[in-house]
Amino acid sequence: MGQTIAEKILGKHAGRTVKPGEIAIVAPDLIFCHDDSRPHPFSLLHSLGVERIAHPDRVVVVLDHAPSPTASVAGVHQMIRDFSRARGIQLYDIGTGIAHLVLPEKGHVRPGDLVIGPDSHTCTQGAIGAFACGVGSADVAAALLSGQTWLRVPESIRIELSGTLPPGVYAKDLALFLIGHFGADGATYKSVELTGTAVAELDMDGRFTVCNMGIEMGAKAFIIPPDETTLGWFADRQMRDVVPLQADPDARYSETRHYDIGELAPQVALPHRVDDVVAVEAVEGTPIRQAVIGTCTNSRPADFRAAAKVLRGRKVHRDVRFYIIPGSRGVLANIAADGTLEALLAAGAIMGTPGCSGCIGGAHFAVPSDGEKMITTANRNFRGRTGNRNASIYLGSPATVAASTLNGYISDPRNYLE
Amino acid sequence: MKIAGKIHVLGDDINTDYIISSKYKSTILDLDELAQHVLEDYDPDFAGRLNPGDIVAAGNNFGCGSARETAPLVLKRAGVAAVIARSFARIFFRNAHNVGLPIIEFDTRALENGDQLELDLVAGCLVNHTQGKEATFSAPPAEMLAILKAGGLLEYYRHYHHFPWT
């Protein structure tokens, strides 16, 4: 009987054919860690008195959550560095970028891989056709020690998208639209496969955005089957030995949904739920005082280019603080080279260190004051997420955020397309 | 494994940022200090009302959001003896077991704030002493129960020198 992508990947890693509901004991191809887990998996191994880990060559560390804001966090960073160096573990230090960007950028993920990490947005790597899911620190520590973890094989949901995204409407709008329809737990415990002509038209930056938000509908994994675009992206990085894994034509899905996104409007998630999604027209005119383009959802070159298209030659409203945080050093170099960064800075953007700053309140950046409304390209708008429970967070695409900075209120980016 | 306590009823989609605000998670390393802020952004008075041994009863999708273990750790350190909910987000489900916080899937709609409950995790029985009712739930599988009894996944490893699946 035909298999879904999730069943194939987990079966390959369990060494046997698997069915949904079964527990698979699997050896991940990649276990990554960042610096934000408390307790950190390395600390847990220290406390167990463990020196050896099973496969140091399958482990990657990225220090991304905050550029060393306090002495105690600096201590955690040093512990991570010492542990990594002693075992020959690849480590990317502060300023390299957000793990979810650095891992694919540096060639650590391939289609068909099994990736785990102590972060819910690990699902981002589904854009490459990997089964990538978040787990906790203890799970990561156990996987580092034993080389294995257990995963219950999920059922799969298939989403088929037709139509072409209209001008001014982007991958983030698509992600919000889907989450609005599925709800915060609409895909809990499921692996989602996103297919269709509309998906084929998304570039890799856009695919990473959509897969990144998979967890916000509860998905265990969120996968875009690899295609010519995926293979081309790898070829650009001189990686040609990638094997695209596809679902079988007779694979069984718990549900299949079709959407035509040819008429999609820019989408906005209202405070304080990611699945409370409306078309931008519904909130146009809502005053905002702070805006952020960044985070693992939207901090790639295509995101900043979309924002620059709106902001080039214009100025951010005097009452708005507009932060931009390139997701990696590679992204920063890219947008510095083609005039994108220059256009955004000329408009009045405030730039942050490549990394997670600007996302959560603990990353010491862009905390709003009481009563303020902000709009961001981040993936969550739970009350208090950016450091102040008395502020409100709207989510949107980079273009929507950029348009909103011009006016000091939520604005439709389609008015700024020329 | 039996747990008895008074319940605090919460709603649906209690996310990890509500359980412990992001602004503390990265920089406060002390669990006792973090525990003082449990559920603060959802209900600033909750920590003050919670007594050790109390049980949290919630709706759907409890623990959605982050993969950080901080959420179940803070609940446990604040004294929550167990969480029962109509459904759990999957990463929270794993993490709760891994840190030794008992969780049970159960239709909580008939429960009321302040009910005195008694839970038997081996038998899968729930007694509501306040309402005078009994009900059953799916008891955790043997391996999960063993992890909970040990106090968490790594505590299990410390005790048995292997993981439940090896």
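1. Setting aside neighbours within four places in sequence, A306(A) contacts Y170(A) and A399(A). The model is predicted.

2. A306(A) sits in helix α10 of chain A, which spans residues 301-311. The residue counts as buried because its relative accessibility is 9%, and the cut-off for buried is under 20%. A366(A) lies 60 residues from A306(A) in sequence. In space, their C-alpha atoms are 21 Å apart.

3. Now the interface. Chain A brings 52 residues to the contact, and chain B brings 41. About 3,900 Å² is buried between the two chains. Carbon and sulfur atoms account for 55% of that area. On the chain B side, R90(B), R94(B) and W165(B) provide 20% of the area chain B buries against chain A.

4. D17(B) pairs with R385(A) in a salt bridge, with the closest N and O atoms 2.7 Å apart.

5. Which helix of chain B gives the most to the side that touches chain A? It is α6(B), with six residues. Helices α1 (16-19), α2 (22-25), α5 (70-77), α6 (90-98) and α8 (153-160) of chain B each supply at least two residues to that side.

6. As for composition, the side of chain B that touches chain A holds 16 nonpolar, 14 polar and eleven charged residues.

Conventions:
Residues are numbered from 1 along each chain as its sequence is written. Chains are lettered from A and ligands numbered from 1 in the order in which they are written. This is a predicted model: local features need pLDDT of at least 70, side-chain atom pairs count only at pLDDT 80 or more; totals for chains, interfaces and linings use all residues. Side-chain values use heavy atoms; hydrogens and water are left out. Contact means heavy atoms within 4.5 Å. Buried area is the accessible area (1.4 Å probe) that two parts lose on being put together, summed over both. A salt bridge is a side-chain nitrogen of Lys or Arg within 4 Å of a carboxyl oxygen of Asp or Glu. Helices (H or I, at least four residues) and strands (E, at least two) are DSSP runs, numbered from the N terminus. Ala, Val, Leu, Ile, Met, Phe, Trp, Tyr, Cys and Pro count as nonpolar, Asp, Glu, Lys and Arg as charged, and the others, Gly among them, as polar. Buried means under 20% relative accessible area, exposed over 50%, partly exposed in between (1.4 Å probe, protein chains only).
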